[in-house]
Amino acid sequence: MASMRGKVAIVGAADTRVGTVPGVSATELCVDAILKALDDACISKHQVDGLITCNSMSQPMLYHAEAMAEYLQIFPRYCFAAGAGGGTTFSVLHHAASAIMTGMADTIVIAMADSLRSGLSREQAMMVQSSTGHPQFEQPYGLTVPAYYALVAQAHMAQYGTTAEHFAQVAVACRAHAARNPAAQMRTPITVEDVLASRPIADPLHLLDCSLVSDGGAAIVMTSAERARDFPHTPVYVLGVGEGHSHEHISQAHSLTTSAAVEAGERAYAMAGLGPADMAFAQLYDCFTPTVLVELEDLGFCQKGEGGAFITEAGIGPGGALPVNTHGGLLSHSHPGNPGSMFALTESVWQLRHTAGERQVPNAEAGLLHAQGGIMSSHTTLILGRDGY
Amino acid sequence: MEKIQPVPGPLSEAYFAGCNAGTLLIQACESCAALQFYPRSICTSCNSSSLKWSPSSGRGHVASFTVVRRAISAAYEAPYVVALIKLVEGPQLMSHIVECDPESVSVGAAVTVTFAAWSETQAMPVFTLDEN
């Protein structure tokens, strides 16, 4: 089988406004993201022959991608909406890369947006996300989404001595990155003490350990490496991608403390021929602070069980040994639900184009992105890089 | 306001009836003797569809837990302890730990099943901490 390494590239990337965007539906946010990404790539909508979206929670549709295409009056030959929770973003990029390599489409737009903050009540947003639990054997016990992730956190604390302070440092680091990002929803710096003093949600998680609830969306344009050279911006190449799928419901997880990020990461590193030490930055799925700590370990940035020490000693904030979530992440940039990791993707494109402004990571030649969906269920690792890396 | 209710299907009717009768049932494969939870139409070890219900001892330990401080709805009174219970027979299930100070729960603690009313017609398995 032909390797995907270096065969496809991202040639356009754009975000909508994020945070609280009242009066703009999820559909309109999605369309806005698509048009902005096409502008960034300097192509017309008629040059798009592939479209991938994910469904919206605030405006769910049976055939979401087809509806977006109809709204825009484009007529792709490759079109689908995917659903793997927060892991959807990079998982569909894997599919898109494969579709480009096999000739199913030449120019694919991946676009995702939702209106979780303005399009749903707080209770609705909570209920729709909690419906991830098994309807007969989990949901009756009244778990909120943070409660599901708190089970992972408590298990890690018991097994490895990780503390609530370690988790809090993830929130502090993401906020420090967001302070350098004018687009981020939450930019006021916070301290570990602020996190620990914020409202308890589900032990050990406090309010500031939890991602935001936001409106917003983003889109990227992908094409073959050959065609990418004709676009105006520095192409950002897919060097490696890998997935791991271990369960759907957390009560069926074979391990609470080691996730299928291990397999996803190994597959992506093997394709790229690169390792953790080659990554200038990492964008790690941070729906709740413990996921970042587990992913740092499972993706090989430190030994298993040493995530807390890595965060404390090596550092994941601006200027740290491994800057993590350079845009601010789901914790401080924005979190409109399943589209959340799209912002990690667009941010990585700008970092690798070397156009990330004040928050530019020096010498960013390659970076790692990881997203997971469900409750640590579906994992995709993506390694992106500049030409020649 | 009512708690979230399970809607038993053909595969789980016996399980939920067991809860009402005070028995925690798990599935046992008649071909390879594997035990499993939640109930399925096939054995996940050997694909056999010959499965029978087997009463669990109801004993196990806390694989993990959390104290929910912000309830999902008014039907649940915070704080409440949600836990993943690893049964001595092997399978794992989501449940509550009840009748205890939430601060006294720890990973690894031994627990035993009991049953709590979830509605006028349905009981659900919950667990209590074993003494010592």
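Helix α13 of chain A (residues 342-353) has 12 residues, which at 1.5 Å a residue should span 16 Å; its end C-alpha atoms lie 17 Å apart, in agreement. The expected span is 1.5 Å times one less than the number of residues. Helices (H or I, at least four residues) and strands (E, at least two) are DSSP runs, numbered from the N terminus. This is a predicted model: local features need pLDDT of at least 70, side-chain atom pairs count only at pLDDT 80 or more, and totals for chains, interfaces and linings use all residues. Residues are numbered from 1 along each chain as its sequence is written, and chains are lettered from A in the order in which they are written.

Of the 12 residues of α13(A), 11 are buried, so the rest of the structure largely encloses it. Buried means 20 or more other C-beta atoms within 10 Å of the residue's own, with C-beta atoms placed from the backbone. Among them are Phe343(A), Glu347(A) and Trp350(A). Just after α13(A), His354(A) takes a positive phi of about 65°.

Now the sheet. Nine strands of chain A form an open sheet with mixed pairing, in the order β3-β2-β4-β7-β1-β8-β11-β10-β9. Strands pair if DSSP finds at least two bridges between them. β3 (78-82) and β9 (281-284) of chain A stand at the edges with a single partner strand each, so one side of each has no neighbour in the sheet. β9(A) runs parallel to β10(A) (residues 366-373), joined by four bridges. There, Gln283(A) stands opposite Leu369(A).

Finally, the partner chain. In chain A, 25 residues are in contact with 31 residues of chain B; contact means C-beta atoms, placed from the backbone, within 7 Å. α5(A) gives the most to this side of chain A, with six residues.

How values were computed:
Two residues are in contact if their C-beta atoms, placed from the backbone, lie within 7 Å.
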